[in-house]
Amino acid sequence: MSFDFSTLTAELDQRGIAYWQSGEVLLINHDCLAVLPLIPAGSVDVVIADPPYGCDKAQWDGRFFGEWYPPAKDITSHIVIIAGSAGVADAIRCAGADVVDVIAAWNTNSRTRGAIGFSNWLAATVCGYKPRQQQNIMRFAICGDMPDHPAPKPIEYMAQLVPRLTDDGDCVLDPVCGSGTTGVACVKTGRAFIGIEIHEPFYQIAKQRIAAAQHKCLPIRAEDAPLWQMAQGDSDRDAR
Ligand SMILES: C[S@@+](CC[C@H](N)C(=O)[O-])C[C@H]1O[C@@H](n2cnc3c(N)ncnc32)[C@H](O)[C@@H]1O
């Protein structure tokens, strides 16, 4: 499926808002509170947001940022808020009666130090819908590099979480996308992605990471397909 961002990019062009589009990814460098009202209702399947939640890791991280929630809900009622243990209460308060479940993820090989001490789990507060039935606990271990961002989510976590929360070919919106981990997970798992980030240096990092992920996931060229199919022994396999 090829995703059509043209209505949104026309709005961005009109306002002179910087963006980068590559395949089924649209990355926007602006305040999400100004961009969310431009996104047509129903054009996104799930919002996955990892907002600043006040663990004081950077100047922008002084308090829980929940103002994005009402305009995001005008686009889709399927919303997931990711937070460390320190932010769960605020996430639940922010979504109120929309909260359906909380998926816990145990980080088995590292921990963070925040306002309430050490923590080695992450919470995804699921609002407005029930994703495919699965246990509401998962675990992950960090094995790769972390990007240059004060509070990135591990790709090992997001690459497991995104397919739990979405279906193949869905479009995911992350209104506070930082270094673009949600976007990288979407590329790896075949979801379209719209990311918004206010700080230009993080936007640039997100762009580089997503472009690198897309490069690694390039579809097989038609002329290479027979050889590839023979090697895989699976002629119906999706090339992505
Ligand atoms: C917790 S970080 C997200 C980290 C991201 N999940 C990652 O893995 O890199 C929250 C991000 O929200 C961004 N942000 C804060 N206020 C924003 C706003 N009004 N619009 C868009 N982005 C915003 C911050 O610059 C920061 O990068």
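Ala-192 is found in strand E11, a strand being a DSSP run of type E with at least two residues, while a helix is a run of type H or I with at least four, both numbered from the N terminus. The structure is a predicted model, in which local features need pLDDT of at least 70, side-chain atom pairs count only at pLDDT 80 or more, and totals for chains, interfaces and linings use all residues. Residues are numbered from 1 along each chain as its sequence is written.

Ala-192 counts as buried because it has 23 C-beta neighbours inside 10 Å. A residue is buried if 20 or more other C-beta atoms lie within 10 Å of its own, exposed if 12 or fewer, and partly exposed in between, with C-beta atoms placed from the backbone. Leaving out residues up to four places away in sequence, Ala-192 touches Phe-3, Glu-24, Cys-171 and Cys-186; two residues are in contact if their C-beta atoms, placed from the backbone, lie within 7 Å. Ala-192 and Leu-173 are 19 residues apart in sequence, and their C-alpha atoms are 8.6 Å apart in space.

The protein as a whole has eight helices and 11 strands. Of its 240 residues, 37% are buried. Among contacts with a separation of 6 or more, 66% join residues 24 or more positions apart.

In soluble globular proteins, nonpolar side chains tend to be buried together. The largest nonpolar core here holds 61 residues, and Leu-27, Val-47, Ile-48, Val-80, Ile-81, Ile-82 and Val-172 touch the most other members. Helix H5 (residues 155-165) gives the most to this core, with six residues. Such a core is a set of buried Ala, Val, Leu, Ile, Met, Phe, Trp, Tyr and Cys residues joined through C-beta atoms within 7 Å. Beyond four places in sequence, Ile-81 touches Ala-49, Pro-51, Ala-91, Cys-94, Ala-95, Thr-125 and Cys-127.

Helix H1 (residues 6-15) is hardly covered, with one buried residue among its 10. Gly-16 follows H1 and has a positive phi, near 70°.

Phe-140, in strand E9 (residues 137-140), is partly exposed because 19 other C-beta atoms lie within 10 Å. Its contacts, apart from neighbours within four places in sequence, are Ala-105, Asn-107, Pro-154, Glu-156, Tyr-157 and Gln-160.

Two helices illustrate how elements pack. The axes of helix H6 (residues 181-189) and helix H7 (residues 200-216) come within 9 Å and cross at roughly 10°. H6 is therefore roughly parallel to H7. Axes are lines fitted to C-alpha atoms, for helices over the stretch in contact, and angles run from 0 to 180 degrees between N-to-C directions; those under 35 degrees count as roughly parallel, over 145 as roughly antiparallel, 65 to 115 as roughly perpendicular and the rest as oblique. Gly-183, Val-184, Val-187 and Lys-188 in H6 meet Ala-206, Arg-209, Ile-210, Ala-213 and Gln-214 in H7.

The ligand is surrounded by 22 residues, of which the closest are Asp-50, Val-176, Gly-178, Ser-179 and Thr-181; a residue is near a molecule if its C-beta atom, placed from the backbone, lies within 6 Å of it. Helix H2 (32-35) and strand E11 (192-197) each supply at least two residues of this shell. By class, the shell has 13 nonpolar, five polar and four charged residues, where Ala, Val, Leu, Ile, Met, Phe, Trp, Tyr, Cys and Pro count as nonpolar, Asp, Glu, Lys and Arg as charged, and the others, Gly among them, as polar.
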